[in-house]
Every structure is written in structure tokens, then in C-alpha cells.
Amino acid sequence: MALSPRVTLDRSVLAPPAEEPWPETYEIRFPAEAHRPVSPRARPSPGAGPLVAVPVLEPEAEPSRDIILVGSSKPPGSCRPRRGRGVGAYEVQVDRRDIEGMCICCGSLQVHTQHPLFEGGMCAPCKVSGEVRGALQGAWGRAGASLAPPLSEDKFLDCLFLYDDDGYQSYCSICCSGDTLLICENPDCTRCYCFKCVDTLVAPGTSGRVQATSNWVCFLCRPFRRSGLLQRRRKWRGWLKAFFDRESETPLETYETVPVWKREPVRVLSLFGDIRTELVSLGFLEGGSNPAGLKHLDDVTDVVRRDVEGWGPFNLVYGSTPALGHACDHPPAWYLFQYHRVLQYARPRPGCPQPFFWMFVDNLVLTREEQTVATRFLEADPVTIQDVCGQAVRDAVHVWSNIPAVKSRHSALASREELSLLAPNRQRTKPPLQGPAKLVKNCFLPLREYFKYFSTELTSAL
């Protein structure tokens, strides 16, 4: 079944030059608000542009003197392709140019760094481009720039671990962009690939053949490394960790992702706030009133290191200040300091390769000075995650965490005045529609790269 509707336009409307009689095929790209295609293997990425017709090359089309098929064995013609990623692919295959000296995201020869997943380079604009920021702003709708996630300038780092509500990654694993995406159907994989990358680097028309394939397995999951010019790196998980350690501005440690056969169930210590429902719905915990792998504590006054080490080891430590309107026996800062104390007990020994993640959520009850203290103690900058309806902010939380891509979900409040007024206003009105844990629920999705999960039917649960 086709993944993206395709139509052939009337040649009398878009007629090519007479000396180059090309039968042109056009691809429909979906806007962000369009419905998802029927097949689960493709879907529009967030912030995809308006509906446009874009010419695509069909492998059955007759050859032109201006275009050389990547998979063709014919010698080059008299003219090279126009400059772009296509000409880069031509030079790698025909002129034997080293692909490490070419950006596989756009074809530029001004390589800034090496791609962490596939053999090839990456130029600075593709790594730090603001295109995805614009796309995400579009996805936020009319709320505009004030509510759009203010990504850092590093597009690739921000978006590589960013997930959609369906549990799959939001952008192409090659270029971290793309309009309509092909989804890997390996139940243990969440990666996606855009049509342009697949057709340029593998072979023209590959995306169409993938659409007609059932149970397509992506380029990181299949047993052989090379597909056309696209070749995954040996030990690409180590490359990915080294890339984050080298390119990221945060001092937080990045953990190497875990192969499927080595993943174990996550063990969670939940302090003050209970995230059992959220983790069960995401498939990280088995259902039941007291699922294995979760230890929940409301009071840690008498908890000492020996207790935590006896309950552990833990892979995730979650904590939060009380939700507004809930009775509490301690001032807000008490929850921060107690969380930090217990977090030190739960941390693995230095040098331990086992992934260890943490998250602390403030329900807008900490003062500005206390937020500064939290940043200093937790050694991470906070991000703000909102529940937005139209242009109205219904709820918001501050989050400190080392989970990948949490900062990509950040959305600044419209003004300092709104931030200072939001908490008092919420106290005077009815409780928020979503609880604090639900606001940060999707922030846990990147943990699928590290731990076993018991359900893949995320769409129905989210």
C-alpha cells in the first residue's frame, strides 16, 4: 500500500522544455495538521510545510543528459547534475570521492564533523540549522514564537532523541529534518527516515519500493551495513555517545544506547510524586497495583544510604514538589533538598556503564532563588513544559533532567509576569486538566533506547 498519495499532473500545465521530454511524477507532502496516512509506515513530521507538489525521480523514467541515476552502471554523460546532494552522491559513486568529505544531509563539501550513525560528514548548517525550530514553531500553531520551543542552535543534538506522541522519533535519523517519514517496523526500533535521504543515498525510487514492502526494517536494524551509499558505522552506538560528548554544551553525561538483546526492565525510585500510571502506559512497567521495578516514597525523612542501596540499584530517580492545592507538611524547598540527598545515594559508582537517569519537577512553587539553587545542586538548567490550549497556558512545570532531548520540549512562558502570576492564578481556579506527571510523560520516551518495554501500542495509551 502506498504511504504517500502520488498524483501525475497534466503535462499541459507543467510542461518541461521540448528538448528534454520528461514524464514528471509529483509527490504530495502533508502539512502538519493533515491526517496521518493510512499505512503505519509513513507519516508527516512535525511542522511539515504547506501542501505542495514536488517533482521526484522515478527509476523507470527514461534517462536524461542532466541526471545520472545513483544505481546506474552507465558511464557519466556530458553534463553533471546540478549542485546539491544529488551531485554529491554522483561524485561519490562515479568520481570515487570519499563520502566522509561530503555532508550526507545536504551534499556540501564544507564538512564540520562526522555523522554519528552513518559513514559520511555533516556540515555546520545541517548541524546547527534553525529550520527545525521554525517547523516546531509552526507545529505550535498560532501561539507564535512566544510559545514555540526555543531550541538551542544545535539542531541535530536537539532533535535526534525527540519523539512524537506515537512513540516514534520526530525527525529523520539521517538529516534530523524531512517532511513525510518512513517508519521502521522492527517493534524494538523507533527510528524514521525521510523520502529525500532514502532516495538520494540508497537509490532513486527506494522510498516508493519501501511503501510497497511489508515489515520494512531500517538501515540501523538490518543485518547488512550498506544500502547504496548509505552505510551504518561500525559500533555506531559508541560513535553516537562520542558525538554527544564532543558536541553538546551540557556537562551532563551521555550514556551509550543499549542493544535490544541487552536491555533490561527499568528500575524506578519515585519520590513524592507517583509516576506509576505514566510508566505503565508507556510500557516501561508491567500493569498491576504494585508493579515490579517501582519503589514509591512520600516521606524520605528517615531514609539513609543503606536503605536506598538495599532497594536498588535504580536506573531512574524521579521527584517533584507537591502539586498546587495539595496539602503538604514541608516547605517547597524541602522536597528539592531531600530529592538531591536521596539522588546521591542512588547514583551508580563512578565509571559504571549502566545508564542512570533522573528528573526533578517543580510545579511552579519554588521561588526564583530556590530555582537557582536547584540549578546549582542538580548541575543542569531547567526547562519549562506547558499544557497549552490555543494561546492559553493552562498548566506548566519546570523540569531538571539528564534524559536526552528533554530540553527540546522546552517552551518559554510569554513573560516573567505571566510566570509569576501563573501559580497564584492556578490556586484560585479549578485543578489543572493534566497532572504534573502527565505533562512530563513523553519526556520518558527516549528511555526506549536503553530499557526493555512491555508494550508497543503507545498510540492508544497516549
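**Entry 1: Thr 254**

I looked up Thr 254 and found it buried, with a relative accessible area of 14%. I take buried as under 20% relative accessible area, exposed as over 50%, and partly exposed as in between, with a 1.4 Å probe and protein chains only. The model is predicted: local features need pLDDT of at least 70, side-chain atom pairs count only at pLDDT 80 or more, and totals for chains, interfaces and linings use all residues. Residues are numbered from 1 along each chain as its sequence is written, and side-chain values use heavy atoms, with hydrogens and water left out.

I place Thr 254 in the loop between helix H7 (236-247) and E11. Helices (H or I, at least four residues) and strands (E, at least two) are DSSP runs, numbered from the N terminus. Not counting residues up to four places away in sequence, Thr 254 touches Lys 241, Phe 244 and Asp 245; contact means heavy atoms within 4.5 Å.

**Entry 2: the whole protein**

I read off 14 helices and 16 strands. The protein has 462 residues, and buried ones make up 50% of them. Of the contacts between residues at least 6 apart in sequence, 64% join residues at least 24 apart.

**Entry 3: the core**

I looked for the largest nonpolar core and found 105 residues in it, with Leu 316, Val 440 and Phe 444 having the most contacts inside it. Helix H10 (residues 332-346) gives the most to this core, namely 8 residues. Such a core is a set of buried Ala, Val, Leu, Ile, Met, Phe, Trp, Tyr and Cys residues joined through side-chain atoms within 4.5 Å.

I then listed the partners of Phe 444, leaving aside neighbours within four places in sequence: they are Ile 275, Leu 279, Leu 282, Phe 284, Leu 316, Tyr 318, Met 359 and Ile 403.

I checked the span of H10: its 15 residues reach 22 Å from first C-alpha to last, close to the expected 21 Å. The expected span is 1.5 Å times one less than the number of residues. H10 is largely enclosed by the rest of the structure, because 11 of its 15 residues are buried. Among them are Trp 334, Gln 338 and His 340. The buried residues of H10 pack against strands E11 (268-271), E13 (316-320) and E14 (357-362), and against helices H9 (305-311) and H11 (368-378).

In H11 I found Gln 371, Ala 374 and Leu 378 buried. They cover an arc of only 55° around the axis, so they lie on the same side of H11; the arc is that of the directions from the helix axis to the C-beta atoms. Glu 369, Thr 372 and Arg 376 are exposed on the other side of H11. Glu 379 follows H11 and has a positive phi, near 55°.

**Entry 4: cysteines**

I counted 0 disulfides, a disulfide being a pair of cysteine sulfur atoms within 2.5 Å. Cys 106 is in none; its nearest cysteine sulfur, that of Cys 123, is 3.6 Å away. Cys 106 is partly exposed at 29% relative accessibility, and Cys 352 is partly exposed at 31%.

Cys 175 is buried, at 8% relative accessible area, in the loop between helix H4 (155-159) and strand E7 (180-183). Beyond four places in sequence, Cys 175 touches Cys 105, Lys 155, Cys 194 and Cys 197. Cys 175 and Cys 194 are 19 residues apart in sequence and 8.2 Å apart, C-alpha to C-alpha.
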